[in-house]
Structure formats: C-alpha cells, structure tokens
Amino acid sequence: MKPILLPLVACLLTASGCTDRGAESAPQAQQDIILPVDFSRVSIRDGFWSPRLEKLSDSTLPVCIDQIENRTGRIRNFENAAKGSGKHSGIFFDDSDVYKALEGISYSLINNPDPMLRRTADQWVAKIAAAQQPDGYINTYYTLTGLDKRWTDMDKHEMYCAGHMIEAGIAYLLATGDRTLLEVSTRMVGHMMNEFGPGKRHWVPGHEEIELALAKLYSVTGEPKYLEFARWLLEERGHGYGRNEEGTWNAAYYQDSIPVSRMTDITGHAVRCMYLFCGMADMSMLSGDTVYRAALDRVWDDVVQRNMYITGGIGSSHQNEGFTEDYDLPNLEAYCETCASVGMVLWNARMNRLKGDAKYADVMERALYNGALAGISLDGKRFFYVNPLESKGDHHRKAWYGCACCPSQLSRFLPSIGSYIYSHSLDSDTVWVNLYLGSNAAIPTQDGSRFVLTQTTRYPWEGNVRITVSEAPGKIRKELRLRIPGWCKNHTLWVNGELFDHPTDKGYAVVNRSWKKGDRIDLSLAMPTEVVAADPRVKADSGKLAVQRGPLVYCMEEADNAQTYDRAGINFQTRFTDKFMPDLLGGVAEITAETPAGPLHLIPYYAWDNREAGRMKVWIDEK
C-alpha cells in the first residue's frame, strides 16, 4: 500500500513532543485519525505534576548533564570520535543516553526556556555533528574500536542509537529552530538505506527503536522513503535473518521468531517489545494499512490480561529483562524495568489513538502513576532501574547506572507528559480528555481560531474535575469525550451546573453541544479505597490482597509499620480511611487500615524508598 502522507503531524507518534502543525492539510479520507494535543500547546498548572516538572528542570536534567559531561565518558566519546583518536568509554550503546538527555533538555526548553540548558544543548549538538563520518555513519563505539566491524552484529544497537538521535534531532529542531542535528540524523538514515533494504543486505535490529523514529521522521519531513524503510525493517523479522557475532541469536528474545503480523504473544525483552509495538502502531496509523492491527490486539490482550503487574509494570524476569510464561509475576524478584513502564505509556497512548477506546488510556494511566513514576525519587535525583513489588529493605534508587537507559529515559519522558492529556480528531470536531491534571490546552481547530480548555482538579487525591472553556470563537460545536476510568464504579457529570444525562461510548462520557467562553463541565469520579485480588493463576499472589485508590496502587513500608509489618493482614471487610498528609512524602493521601494487629498505614507505591531503608510490599497477607 502506498503511504498516506500526513506532513508534519509528528505528534501522531510522540513519545513525546512534536507539534501538530500541518494537520489541517492532511487528506480528507483520514478524518478519523486521532491526534494528541501536543505538550507545546498544553500548559500544566497542577498540584501533583507541577512540582515534579520543576524538579525535572532543577534536579533531574542537571544530574544527567553532570553524569554525561563529568562523571562518565559519554560526551567524551563524541569528542574522541571527532578527532579520530582515544578510547571508547562505557557500553557500546552509551551514545543513546546522550541523545535521550538531549531530547529531554529540548522538551524542557519548549515550555521553560533556560539559557544554560540551551547552551548545553548547542554544545552537545556541535560535538555530535563533528563525530559523523563522511559517509553519514555515526556511532562512537565503532568509530573508536574499528569501523571495519560496523554492521556485523545486529545486537550492537547501531540502529537503536540512530533512532534516539532522530528523536533528539526532531526535539532540538522544535525547541530551537536549528536543523543541525536533524540533518545529521537524515545523513545517518541515508547511510543505512544505502546498506540495507530491498535487494540489499538483510538486517534485524536487535533492539527496536529505529522503527518508531523513522515514522516520526517521515511525519516531520513528509518523505515517504522513511516510512517505507521502517516498514521494511518491521517485515525483516521472523524470516531467519537475525544474527550476532557470538552465534547465540535467541529469536524469541529479539522478537524475531515469526513475522510481526502473525504475533500472538509477547516474548523476550520487555523494552524492545514496547518499541516494536509502538513502531507497528505508528505504521498502521500513518500508512492507513490495517495489517498490524490484529496482531497488536492479540499481544495487547496477552500483556494486559496475563503478563502485567498491578502497577502497570511488565517484565518479570531478571534473566532476560522480560517475560517467561503467562501469570509468572513474582513480587520480590520482579524486574519491571522503568523503561518498560514508560514504554507501556507510549504504546497504550498509540493504541488509544488507533481505537479511540478508553481501556488503553486506563493502562497508560496505571503505568504512568505507578510503574514509571516509581522510577524516580521525590527529589528528582535518584532512579530505579528495577521496580519490585516487594523489598527486604536492600533495594534502593541510585544516582546513575552503568547502563543508564532509565535515568535518561525519564529525563525525556516527564517533560512531555502534557502530550498524553488530550487528543483531538483530525477534523477537530471531537476532543478526548484522557488524563486528569490541572492544565490549559489550546485545541487545534480547522479555521485556526482559539479554543482553549482549562482543567482544574486535585487528582489523583480527589475525583472532582472541572473543565472550563476559557477561550472560544463565539459559539463552536464540539464533542467532548471525558474518560471514565475503569477503576471508577460511579460518576456524575454536570454542564453549567445542571446534571447532564450523557451517553457513554468506549469508556468515555460523551458531551456533544455548542460551546462558548465560560461554559464548564464538572465531573465527579467516585474514588473509594479498594481491595484487589490477583488472578488465581498468579501463584505469587495466592492468599494476598492489594490496595488501590483511584489510579494509585498502595504499598506498606516498614517505616510506617515497624510493629505490625509481619503480623498485619487485610481482607475484603477491612475498614479503611484516607487522609491527605501535606508533610508526608511531598504530600500524599495516606490510607489507614484497622486490623487486629493494629493500624496499618499505606502510602502510594510510587513514593516508597524515599525515607530510611526498610521493607516494603504491595501484596499483603489476607487475614
């Protein structure tokens, strides 16, 4: 099928951050496409998220910059590659950490201009550009260890690093208007397309990422060849082409056992799976081809119904950083890589746009507030690579890792959080509200007029949400779809103070009417504390229960339960109370359970390991 050109609709794909310029000129046949309202159009003013975004700028990005420039050899590798001398420091894929941190810096610059951050970004881009070879190739590991060995091992992450460079180049362009890194990226893609493709060499990227990056590059440049190359790479899988230098290519680990359109189950490395599924979803959306959709539906069911933790985390095994067998979800030994939880957000956001179904946004929210957010400390300076659901008190966040994919991943993901709140149809007649957090959003319109929604809420602590039309061109008819979370059993909706009897569709409350400035919707989501039992086939959770409230999964830490940690239990009749504690862990709603062993105090899972060392568990004995 010939690709359908959607010039500059890079927001379709975003892990984050491209604008939706040019959407109005897309083909009429594509009016059912759902686009995110990009974070550059969204201003976040939220009691929960704003402090975290401030810490990202003040703490997280400086930590990443310090590690890359001073404490490791990551930026020095580019300097050595540019001069053609010196040793390579670190792991063969360390270039990707520079690209991801640069992407995060660029996203931060879009909404929070900072001269020092801009200077850092410019310096890094200049060093990256200087390290590129005359034929367009860029990878400091092979430049410094022997260019004769490049493209000899499909698991050496050459295309993975190139994909992150593409994403950084797009982000840098959007933040600064400077095309330097984008041009470096397109020269690298040109080099790859000279080496690989129909009638050329076969190639199966051992770590996916290039596929979704190429789709994003197509959206920005309007060049169909990039989308066609992404499709070719997807279609290379499952035909026996994969290999590495050691001769130990594990096809299941690399998602290379069968063609991707025939996939039924998730296998192998969790993060690689997420990037693969993102690339398949992007291809389906951009090309209009539905060949991958049935496969995505099958693997989504397999992930969510049989292989996902209550936190939205995935990947139970340390051995392969991924999956073993269905319902194998140990707690103490859980892997649940932070990058995989971020990947769940990226993939489910895409699935939501493909299908317009709130069930995908439910999983996106679960992974966001629990699996991904746990990966960073409250001060923004320390990180989890692995996120177990139980700890003996010896698992703690670190300032950095030898394999630092998770810190750099969070540095680019968090500043793009605004891209996951709202979506709109290509013809702009429908707006989806997927996440609830305080924000102003300028919704694209066909005629370019201003239609701005303002959202106020104390979510995730309370379930009351107000959405106000703060700007509108007179009267404008739009259908607003507000997600009713899967955890919410009862909700009420008012329009301009009057109870509104509304239909629901695919998990959304639908309000279709003409809107003017000052109109408002009030949504009340019942948010009681709930006790949850696992599927009985999950042996690790037999005889145990978990607690959640709204989108948050809770856990018990020894710090709050020193006397009762080993004795306390809960059941479905346990009485719970919740109280917002502004001075506890940055401000949380603490849950207290009355048990025969004494009061049991629970905190949100994302906030654990931010005090003194001690044991923790999510799944509590049923007594």
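## A loop residue with a positive phi

Leucine 585 sits in the loop between strand E18 (575-581) and strand E19 (588-595), where helices (H or I, at least four residues) and strands (E, at least two) are DSSP runs numbered from the N terminus. Although leucine 585 is not a glycine, its phi is positive, at about 55°. Most residues other than glycine have a negative phi, and most peptide bonds are trans. With a relative accessibility of 9%, leucine 585 counts as buried, a word that stands for under 20% relative accessible area, with exposed meaning over 50% and partly exposed in between (1.4 Å probe, protein chains only).

## The model and its confidence

This is a predicted model, in which local features need pLDDT of at least 70 and side-chain atom pairs count only at pLDDT 80 or more, while totals for chains, interfaces and linings use all residues. Residues are numbered from 1 along each chain as its sequence is written, and side-chain values use heavy atoms, with hydrogens and water left out.

The protein averages a pLDDT of 93, and 95% of the residues score at least 70; pLDDT is the predictor's confidence in each residue, from 0 to 100. Over residues 1-31, however, the pLDDT is below 50, and this stretch has 115 contacts in the model beyond near neighbours in sequence, a contact being heavy atoms within 4.5 Å. Where pLDDT is low, the predicted coordinates should not be read in detail.

## Other backbone features

Histidine 157 also has a positive phi, near 65°, in a residue other than glycine. Histidine 157 lies in the loop between helix H5 (140-145) and helix H6 (158-176), and is buried, with a relative accessible area of 6%.

Tyrosine 459 and proline 460 are joined by a cis peptide bond, with omega at about 10°. Proline 460 belongs to the loop between strand E7 (452-457) and strand E8 (464-471).

Helix H10 (residues 270-287) has 18 residues and reaches 26 Å from its first C-alpha to its last, close to the 26 Å expected at 1.5 Å a residue; the expected span is 1.5 Å times one less than the number of residues. Because 18 of the 18 residues of H10 are buried, this helix is largely enclosed by the rest of the structure. Just after H10 comes glycine 288, which takes a positive phi of about 80°.

Helix H7 (residues 180-195) has 16 residues, which should span 22 Å at 1.5 Å a residue, and its end C-alpha atoms are 23 Å apart, which agrees. Among the buried residues of H7 are Leu181, Val184, Met188 and His191. The buried residues of H7 pack against helix H3 (95-111), helix H4 (115-130), H6, helix H8 (210-221) and helix H9 (224-235). Glycine 197, with a positive phi near 135°, follows H7.

## A contact across the sequence

Alanine 358 is part of helix H13 and counts as buried, at 2% relative accessibility. The C-alpha atoms of alanine 358 and glycine 507 are separated by 4.9 Å, although the two residues are 149 residues apart along the chain. Leaving out residues up to four places away in sequence, alanine 358 touches Asn352, Arg483, Lys506, Gly507 and Tyr508.

## Pocket and cavities

Rolling a probe the size of a water molecule over the atoms shows where empty space is left. On a 1 Å grid over the protein atoms alone, a cavity is a set of points where a 1.4 Å probe fits but cannot get out, a pocket is an open set with protein on both sides within 12 Å along at least five of seven lines, and lining residues have an atom within 4 Å of a point. Grid points are joined across faces, edges and corners, and a volume is the space filled by probe spheres set on the points. The largest pocket holds about 560 Å³ of space. Its lining has 26 residues, of which Val304, Met308, Tyr309, Ile310 and Arg366 lie nearest its centre, and the elements that give two or more residues to this lining are helix H11 (293-306) and helix H13 (358-372).

There are 4 cavities of 30 Å³ or more in the structure. The largest cavity has a volume of about 60 Å³, and H12 gives the largest share of its lining, 3 residues. In the second largest cavity there is about 40 Å³ of space, and its lining includes His157, Trp203 and His207.
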